[in-house]
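Work through the exercises below with the model open. Try each task before reading its solution.

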Amino acid sequence: MRSEWVAKRLGQANVSQMHYARLGMLTEEMHHVAQRENLPVELIRDEVARGRMIIPANINHTNLEPMCIGIASKCKVNANIGASPNSSNIDEEVEKLKLSVKYGADTVMDLSTGGGDLDVIRTAIIQASPVPIGTVPIYQALESVHGSVENLTPDDFLHVIEKHAQQGVDYMTIHAGILIEYLPLVKDRITGIVSRGGGILARWMMHHHKQNPLYTHFDEIIEIFKKYDVSFSLGDSLRPGCLHDASDEAQLSELKTLGKLTRRAWEHDVQVMVEGPGHVPMDQIEFNVKKQMEECSEAPFYVLGPLVTDIAPGYDHITSAIGAAIAGWHGTAMLCYVTPKEHLGLPNAEDVRNGLIAYKIAAHAADIARHRHGVRDRDDELSQARYNFDWNRQFELSLDPERAKEYHDETLPADIYKTAEFCSMCGPKFCPMQTKIDAEALTELEQFLARDSTPVA
């Protein structure tokens, strides 16, 4: 789709969507996004120019179908995949990517830390993906020095970041907001630093007694991102890893720095979204969303969960989807899914499915709560199909048609039951939706009530 679009941009100093938007241009990507979102293309351009929306679309990811992330558009969902030294391989990860796209992931992050050649794995994922791909380059930087955090240099980081950009990565998590002066602020936490990238940088800073190299070399990262149109996903290295640690001084100090970095990237027309917590009690979620908008000048917010309780290992796709729906309602632009395996292990294909569907529910519920135009049409159509006992249409409109049909067919598998006016819950005689009130009966009832407003009990 994008090969001809990007060909004419090659060689320009800045090829970001924000740069073109600020020049008043309407790119092909903006037109495509406007059509997908059913929004005016001028609104898309203006939101991208303002920084409230991003279109993550590396010029080297030409098989991408452009999408957007921002408060003016529908709430999006990200799925995490990635090979590790202990489990998984390239074929499994490509299969997880395809499964993620099938079940509605709007973007996918490749968080591979091992299990094969990371460049080969990443290239295969990008080539197979019609959705934006995100990465955390610090993971490969660490692998390049054989896991020795202390031996990492700024050049190691920059080399890997440029490599990912050249390969076609659309957005990268850059942990530039964790500063050396913030490290003492985690001393009273229960879970300390739970971000893997944040933990790597904390160890590096404590060993060298130097400032975060991603912060001190931020302008060099900006120059790389300009050349390929890579979007920043500013990492929240000090996000809370449990309810006890939520909304503390460490988290909010880093957030303020992320706001400053957002505005610095915008000075160079580079797109930015900001990552958020984590684990947050329900009564603090609205505060966290509004605080991010205030500190980061309304750059799109991208949250992991948040989990609203810590006592349900094995069910954290549910504990986090509750928080995700609330966060989306209050203006979060993208939700990072959590699978049932969160805190326990590397997710398999079924975990990816369960996590994604939970988050598609959360995002859709948030869009309904925000009264987005036309977003409830599908709900109403499914409800009509349900009332009409049109089982096949009900399956088609479901977020997971295969699962809906599977559950129905566990007890009533024969095709004849696809037109039956009952399910196995109430049986054929007592389904309440068989109580049809036709127009004539309703007229008689209204006339009766008009004559006697107090029917005898």
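**Exercise 1.** In which helix is the place of Glu162?

*Solution.* Glu162 belongs to helix α8, residues 154-167. Helices are DSSP runs of H or I with at least four residues, strands are E runs of at least two, and both are numbered from the N terminus. The model is predicted: local features need pLDDT of at least 70, side-chain atom pairs count only at pLDDT 80 or more, and totals for chains, interfaces and linings use all residues. Residues are numbered from 1 along each chain as its sequence is written, and side-chain values use heavy atoms, with hydrogens and water left out.

**Exercise 2.** Find what Glu162 is in contact with, leaving aside neighbours within four places in sequence.

*Solution.* Contact means heavy atoms within 4.5 Å. Step one: list the partners, which are Ile224, Lys227 and Tyr228. Step two: look for a polar contact, a pair of N or O atoms within 3.5 Å; within protein, one must be able to donate a hydrogen and the other to accept it, and residues adjacent in sequence count only if both atoms are side-chain atoms. The side chains of Glu162 and Lys227 make one, at 2.8 Å.

**Exercise 3.** Describe the largest cavity.

*Solution.* On a 1 Å grid over the protein atoms alone, a cavity is a set of points where a 1.4 Å probe fits but cannot get out; lining residues have an atom within 4 Å of a point. Grid points are joined across faces, edges and corners, and a volume is the space filled by probe spheres set on the points. Start with the count: there are five cavities of 30 Å³ or more. The largest has a volume of about 110 Å³. Its lining holds 14 residues, with Gln251, Leu255, Glu275, Gly276 and Pro277 nearest the centre. Next, assign elements: α12 (249-266), β8 (272-276) and α13 (282-295) each supply at least two lining residues. α12 gives the most, four.

**Exercise 4.** Which residues line the second largest cavity?

*Solution.* The volume of the second largest cavity is about 70 Å³. Its lining includes Arg52, Gly70, Ile71, Gln292 and Met293. Glu298, Ala299, Pro300, Phe301, Gly331 and Ala333 also line this cavity. Finish with the classes: Ala, Val, Leu, Ile, Met, Phe, Trp, Tyr, Cys and Pro count as nonpolar, Asp, Glu, Lys and Arg as charged, and the others, Gly among them, as polar. The lining divides into six nonpolar, three polar and two charged residues.

Definitions and conventions:
On a 1 Å grid over the protein atoms alone, a cavity is a set of points where a 1.4 Å probe fits but cannot get out, and a pocket is an open set with protein on both sides within 12 Å along at least five of seven lines; lining residues have an atom within 4 Å of a point.
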